Amino acid sequence: MPLLEIENLASGYGDAVVIEDISLAIDEQEGLAVLGRNGVGKTTLMLSIMGHAAQMSGALRWNGTDVSGLPAYARARLGLGWVPQERDIFPSLTVEENLLIAGRPGRFRLADIYGLFPRLSERRLNMGDKLSGGEQQMLAIGRTLMTNPKLLLLDEPFEGLAPVIVEELERTLQRLRRDEGFATVIVEQRAEDALRLSDRAIVLDRGRIVLSGQSSELLADFDRVQQWIAV
Ligand SMILES: Nc1ncnc2c1ncn2[C@@H]1O[C@H](COP(=O)(O)OP(=O)(O)OP(=O)(O)O)[C@@H](O)[C@H]1O
């Protein structure tokens, strides 16, 4: 049974339908990349999974149980971990307070996050608004890991970051999947990076899946991806 299964999902905001007829499944420990141009509905798909968008039809199952009716906090408690594009760090709390406030029992505790991101340990007494973009992203990921999720959903984690930081984050995300067994969904504009980090990928256009396959195959035939994502 897949960890997360989406069947014929339609969702959006108010009366506006953004996502139309999307079906997909994510297994435990699997990595999925969600690709597509600006505004095609990638973030809306993530928000629908997390319970922050309006679901008009279809089913959303977590370990076989339909969670369509559950509010966002209840989905988070089940093991859905969301790292938003805006990072949503509390500016007037320290790095450590930002991490501790999210903590829930499980494998990942403060020391584990500092082990994963030594830079956060060095900055642990810094206020949330006194961090570089890369440090903010590490904190956003670390804070979500403190909730001990089974599935990690990341919305454009590399946006605006220097290449050396992107490489560091990529290594960490790979470690989380290979060594810690997290399932991950990564929304990225940097399609090649996302394909390298995932097992499978879907490409969205106007709220629908227009291409899907194994990431290695899509990387080998990148022109097919490019035709949907080139601006
Ligand atoms: N809160 C909202 N209320 C109404 N419409 C919204 C809202 N958020 C997004 N939209 C609309 O939904 C559509 C899809 O947006 P979405 O952010 O999901 O796309 P995206 O593929 O993630 O793009 P980006 O790469 O720019 O984040 C767009 O037309 C957008 O204007």
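**A close look at one residue**

Modeller: Leu153 sits in strand β7, which covers residues 151-155; strands (E, at least two residues) and helices (H or I, at least four) are DSSP runs, numbered from the N terminus. The model is a predicted one, in which local features need pLDDT of at least 70 and side-chain atom pairs count only at pLDDT 80 or more, while totals for chains, interfaces and linings use all residues. Residues are numbered from 1 along each chain as its sequence is written.

Leu153 counts as buried because it has 25 C-beta neighbours inside 10 Å. The scale behind that word calls a residue buried if 20 or more other C-beta atoms lie within 10 Å of its own, exposed if 12 or fewer, and partly exposed in between, with C-beta atoms placed from the backbone. Once neighbours within four places in sequence are set aside, Leu153 is in contact with Met46, Ile49, Met50, Leu80, Gly81, Trp82, Val83 and Val185, where a contact is a pair of C-beta atoms, placed from the backbone, within 7 Å. Ile141 lies twelve residues from Leu153 along the chain, and the C-alpha atoms of the two are separated by 9.7 Å.

Leu153 also belongs to the largest nonpolar core, which has 57 residues, and is one of the members that touch the most others, together with Ala33, Val34, Leu35, Leu151 and Ala201. Such a core is a set of buried Ala, Val, Leu, Ile, Met, Phe, Trp, Tyr and Cys residues joined through C-beta atoms within 7 Å. Helix α6 (residues 133-145) makes the greatest contribution to this core, giving five residues.

The buried residues in α3 are Val95, Asn98 and Leu99. Seen down the helix axis they fall within an arc of 95°, so they line one face of α3; the arc is that of the directions from the helix axis to the C-beta atoms.

Leu78, in helix α2 (residues 72-78), is partly exposed because it has 14 C-beta neighbours inside 10 Å, and, apart from neighbours within four places in sequence, it is in contact with Trp62 and Val67. From Leu78 to Val34 the distance is 22 Å, C-alpha to C-alpha, and the two are 44 residues apart in sequence. Helix α7 (residues 163-178) contains Val164, which is exposed, with 9 other C-beta atoms within 10 Å. Arg171 is also found in α7, and it too is exposed, with 10 other C-beta atoms within 10 Å. Arg171 and Leu197 are separated by 26 residues in sequence and by 9.1 Å in space, C-alpha to C-alpha.

The ligand has a shell made up of Tyr13, Ala16, Val18, Gly36, Asn38, Gly39, Val40, Gly41, Lys42, Thr43 and Thr44, a residue being near the ligand if its C-beta atom, placed from the backbone, lies within 6 Å of it. Two or more of these residues come from each of β2 (16-26) and α1 (42-50), and α1 gives the most, with three residues.

As for the whole, the protein has ten helices and ten strands. Its radius of gyration is 17 Å, close to the 17 Å that the globule rule gives for 231 residues, so the protein is as compact as a globular protein of that length; the radius is taken over C-alpha atoms, and the rule is 2.2 Å times the number of residues to the power 0.38. Buried residues, such as Leu153, make up 37% of the 231 residues. Of the contacts between residues at least 6 apart in sequence, 68% join residues at least 24 apart.

How values were computed. Contact = placed C-beta atoms within 7 Å.
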